[in-house]
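I opened the model to look up where some of its side chains sit and what they touch. My entries follow in the order in which I looked.

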Amino acid sequence: MGKQLTEMLKGTLEGIVLAILSGRPAYGYEITAWLREQGFSDIAEGTIYALLVRVEQRGLVDVEKVPSEKGPPRKVYSLNAQGREYLEEFWRNWSFLTERLEQLREGDK
C-alpha cells in the first residue's frame with residue numbers, strides 16, 4: 001500500500017472493523033486475516049488489536065472470552081447496540097464524503 005492509501009485507511013479502519021463485526025462476532029486475528037484476504041495486506045495484527053481495545057473501552061463492542069485450542073482463551077468481539085449506532089453514523093458520514101468527492105471529481109472533467 002502506498003503512503004496515501006495507508007493514511008486514508010487509518011481514518012476508516014475503525015468503521016471497517018465495526019462493519020465486519022456487524023456481520024458476525026470475531027477475534028482479532030480472524031479480522032486481520034479477513035482484511036488481508038480482501039487486499040489490505042499491509043495491516044499489522046497489532047494495529048487491529050489496538051483498535052479493538054479502543055472500541056471496547058468506548059463501549060462499542062461486547063467481549064466474550066472463548067476457550068482456544070491453542071493457548072489462552074480468545075477474546076471474541078461482537079457489535080452491541082451502541083456500536084451499531086456508531087456504525088450507522090459512520091456510514092452516513094461515509095456517504096456524505098463519497099458524494100462530495102464524486103462531485104469534485106466530476107467537476108475536474
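**Entry 1**

I looked up T32 first, and T32 is buried, with a relative accessible area of 0%. For the burial classes I used under 20% relative accessible area for buried, over 50% for exposed and partly exposed in between, with a 1.4 Å probe and protein chains only. I note that this is a predicted model, in which local features need pLDDT of at least 70 and side-chain atom pairs count only at pLDDT 80 or more, while totals for chains, interfaces and linings use all residues. Residues are numbered from 1 along each chain as its sequence is written, and side-chain values use heavy atoms, with hydrogens and water left out.

I found T32 in helix α2. Helices (H or I, at least four residues) and strands (E, at least two) are DSSP runs, numbered from the N terminus. Leaving out residues up to four places away in sequence, T32 touches I43, E45 and I48; contact means heavy atoms within 4.5 Å.

I then went to Q38, which lies in the loop between α2 and α3. Q38 is partly exposed, at a relative accessible area of 45%. I also took a distance from there: the C-alpha atoms of Q38 and F90 are 20 Å apart, and 52 residues separate the two along the chain.

**Entry 2: the chain as a whole**

I counted 4 helices and 3 strands in the chain. Read from the N terminus, their order is α-β-α-α-β-β-α. The C-alpha atoms fill a box of roughly 55 × 30 × 20 Å along the principal axes. The chain has 109 residues, and 28% of them are buried.

I looked at the range of the contacts too. Of those between residues at least 6 apart in sequence, 48% join residues at least 24 apart. The chain exposes about 7,500 Å², and carbon and sulfur atoms supply 53% of that area. Accessible areas come from the Shrake-Rupley method with a 1.4 Å probe, and for residues only the protein chains shown count as cover.

**Entry 3: the core**

Which residues have the most contacts inside the largest nonpolar core? They are L13, V17, L21, I31, I48 and L52, in a core of 20 residues. The elements that give two or more residues to this core are α1, α2 (28–37), α3, β3 and α4 (81–107). Helix α1 gives the most, with 6 residues. A nonpolar core is a set of buried Ala, Val, Leu, Ile, Met, Phe, Trp, Tyr and Cys residues joined through side-chain atoms within 4.5 Å.

Not counting residues up to four places away in sequence, L21 touches A26, I31, L52, V61, Y77 and L79.

**Entry 4: salt bridges**

How many salt bridges does a search of the whole structure find? The search finds 6. A salt bridge is a side-chain nitrogen of Lys or Arg within 4 Å of a carboxyl oxygen of Asp or Glu. Side chains of opposite charge can pair when their charged atoms come close.

R58 and E14 meet at 2.6 Å, N to O. This pair links distant parts of the chain, 44 residues apart: R58 is in the loop between α3 (45–57) and β2 (61–66), and E14 is in helix α1 (residues 3–23). R58 is partly exposed at 38% relative accessible area, whereas E14 is buried at 15%.

R24 and E30 form a salt bridge at 3.0 Å, N to O. R24 is partly exposed at 40% relative accessibility, and E30 is partly exposed at 24%.

R100 and E99 form a salt bridge at 3.2 Å, N to O. R100 is partly exposed at 34% relative accessibility, and E99 is partly exposed at 45%.

**Entry 5: S68**

I placed S68 in the loop between β2 and β3 (74–79). Is S68 buried or exposed? S68 counts as buried because its relative accessible area is 17%. The side chain of S68 reaches the backbone oxygen of K70 at 2.8 Å. Beyond its neighbours within four places in sequence, S68 is in contact with P73 and R74.

How values were computed. A polar contact is a pair of N or O atoms within 3.5 Å; within protein, one must be able to donate a hydrogen and the other to accept it, and residues adjacent in sequence count only if both atoms are side-chain atoms.
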